[in-house]
Amino acid sequence: MLRKLGLGLWAVAAVVIPVELLIELPWWLLVAVVILLIPWMWLTRVGQQAWSATQVGIATIPQRLGSSAVVVVGIASVVGVLVALLAMGAGFEATLEQTGTDDTAIIIRGGAQGEINSGVDHLSATVVSLAPQVLRNSQGQPIASPELVVVASLPKKSSGLDANVAIRGVGERAWDLRPNIKMIAGRKLISGMRQLMVGKGAHEQFSGLDVGSTLRLNGQSWTVVGVFDAGDSHNSEIWGDTAVVASAYRRGSSTNSITVRLTEAAAFDAFKAGLASDPRLKVDVKTTRDYYSQQSESLTHLIRILGVTVGVIMAIGATFGALNTMYAAVTTRLREIATLRAIGFRAVPLAASVLLETMLLAALGGVIGAGAAWIIFDNFTASTLGEDFSQVVFAFKVSPALLWSGLKWALAIGFIGGLFPALRAASMPVAAGLREL
């Protein structure tokens with residue numbers, strides 16, 4: 001009993017350890033392994049036998065094309081779905097991370113989780129903007145923007161159904177604060193007027209946001225005067241003047257946050273310490289990079305868990321498909337394998353040939369799945385709910401790192417799917433194999 005348990009543990013270790021190494025393997029190390037594998041097959045007797053047996057196995061693939069295609073398609077599906085889901089999380093995370101910088105800071109009410117449930121009064125906003133670490137423009141005015149975020153409901157172009165969109169009230173210094181913003185249609189809004197600027201993503205997602213259109217927001221008419229491209233999550237928003245938005249939504253003189261540009265990134269610690277020591281203020285201070293990165297963490301983490309869970313479930317199915325295919329391949333080649341053993345082929349090269357054949361099929365499936373995910377989903381535009389329950393428009397990001405992760409999953413599935421059939425081929429008695437018809 002103990003012996004069987006020990007053998008079982010060894011079998012589990014023989015599968016888990018190599019799979020873990022494959023998943024954690026950096027690309028350069030895999031290239032090194034392949035480079036070392038070539039001279040091993042070329043110069044050593046065992047390697048030559050393994051390559052010869054592999055060639056025989058590959059030559060028989062057309063005779064079992066259907067079952068081999070099951071392995072390739074199954075693994076391609078696993079890799080494609082996994083890469084697509086992870087690319088969604090990476091794209092959402094990248095969009096929010098691009099929104100912030102290290103030399104800008106956002107100030108919200110102490111203890112608030114985000115802008116939507118924060119409140120900063122007029123006195124606090126004034127005190128913050130006069131801090132010595134806040135950069136001044138050429139007229140000596142602090143580059144600070146008290147901002148208000150409310151949520152409106154507008155019909156989407158794709159379905160016609162209403163969805164939430166963030167309306168951000170911005171101050172006059174918003175353009176100095178975010179110099180990356182470019183107008184792609186129309187013009188900037190005029191302070192004190194019921195005018196709106198629409199982010200590129202919101203313009204693509206929602207109806208009625210063309211330049212010159214009129215919107216009814218909270219019972220008042222607003223005119224769309226421009227479309228802007230910020231290259232970050234602000235593309236999902238509609239901007240108006242802070243004071244006008246506050247008046248329309250009856251928010252008084254308070255805002256949700258104040259964002260400032262610092263003299264330099266290194267000034268943040270002194271800026272934060274100065275606000276923390278001021279008894280008039282009860283605020284939390286973060287760089288905008290940290291703030292928006294934290295806003296993306298929960299959803300990105302959820303998407304990654306979902307992606308890995310779905311990938312594991314599909315990988316189990318693909319692994320059984322590979323096991324079934326390679327067991328069938330070994331069974332149909334029992335006499336051939338026994339003949340190779342009889343003429344001097346060792347067990348190790350025969351096992352290596354079966355394993356290598358399976359991993360080649362897996363690699364082909366991995367390349368197909370990763371390539372399909374890259375072609376279909378890279379820069380694919382989607383939207384999801386942000387921390388303020390409004391739509392955040394983002395693009396899927398299929399990076400080389402994700403493609404490499406998908407390929408490693410494919411190789412891991414191929415290893416598991418080929419290991420046990422390989423061991424069967426190596427351990428088969430020669431006499432029993434020669435009796436097979």
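**Entry 1: the largest core**

I looked up the largest nonpolar core, which has 35 residues, and found that I75, V78, V79, V83, F92 and I413 touch the most other members. A nonpolar core here is a set of buried Ala, Val, Leu, Ile, Met, Phe, Trp, Tyr and Cys residues joined through side-chain atoms within 4.5 Å. Buried means under 20% relative accessible area, exposed means over 50%, and partly exposed is in between (1.4 Å probe, protein chains only).

I note that this is a predicted model, in which local features need pLDDT of at least 70 and side-chain atom pairs count only at pLDDT 80 or more, while totals for chains, interfaces and linings use all residues. Residues are numbered from 1 along each chain as its sequence is written, and side-chain values use heavy atoms, with hydrogens and water left out.

Helices (H or I, at least four residues) and strands (E, at least two) are DSSP runs, numbered from the N terminus. Helix 4 gives the largest share of the core, eleven residues.

I took V79 and left aside its neighbours within four places in sequence; V79 is then in contact with G366, G369, A370, G406 and A410. Contact means heavy atoms within 4.5 Å. I also noted a second, separate core of 24 residues, with L30, V330, V354 and A425 among them.

**Entry 2: helix 4 against helix 12**

I checked how helix 4 packs on helix 12: the angle is about 40 degrees and the axes are 7 Å apart. That makes helix 4 oblique to helix 12. Axes are lines fitted to C-alpha atoms, for helices over the stretch in contact, and angles run from 0 to 180 degrees between N-to-C directions. Angles under 35 degrees count as roughly parallel, over 145 as roughly antiparallel, 65 to 115 as roughly perpendicular and the rest as oblique.

The crossing of helix 4 and helix 12 is right-handed. A crossing is right-handed if the near helix is turned clockwise from the far one by less than a right angle, and left-handed if anticlockwise.

On the helix 4 side, the contact residues are S68, V71, V72, I75, A76, V79, G80, V83 and A84. Helix 12 answers with L361, A362, L364, G365, G366, I368, G369, A370, A373 and F377. I sorted the contact of helix 4 with helix 12 by class and got 14 nonpolar, five polar and no charged residues. Ala, Val, Leu, Ile, Met, Phe, Trp, Tyr, Cys and Pro count as nonpolar, Asp, Glu, Lys and Arg as charged, and the others, Gly among them, as polar.

**Entry 3: two further helix pairs**

I looked at helix 4 (residues 65-99) with helix 10 (residues 288-332): their axes come within 8 Å and cross at roughly 175 degrees. The two helices are therefore roughly antiparallel to each other. Their contact divides into 20 nonpolar, 14 polar and four charged residues.

The axes of helix 3 (residues 45-59) and helix 12 also come within 8 Å, and cross at roughly 50 degrees. That makes helix 3 oblique to helix 12, and the crossing is right-handed. From helix 3, the residues that meet helix 12 include V46, Q49, A50 and A53. Ten nonpolar, four polar and one charged residues make up this contact.

**Entry 4: T99 and S233**

I found T99 in helix 4, buried at a relative accessible area of 11%. Beyond its neighbours within four places in sequence, T99 is in contact with D232, S233, H234 and Y292. T99 and G231 are 132 residues apart in sequence, yet their C-alpha atoms are 7.8 Å apart.

S233 lies in the loop between strand 7 (220-229) and strand 8 (237-241). S233 is buried, with a relative accessible area of 7%.

**Entry 5: other loop residues**

M428 sits in the loop between helix 13 and helix 14 (430-434) and counts as buried at 11% relative accessibility. Its C-alpha atom is separated by 8.2 Å from that of L334, 94 residues away along the chain.

I checked two asparagines with positive phi. N218 has a phi of about 55 degrees, lies in the loop between strand 6 (214-217) and strand 7, and is partly exposed at 42% relative accessibility. N379 has a phi near 70 degrees, lies in the loop between helix 12 and strand 11 (381-385), and counts as exposed at 56%.
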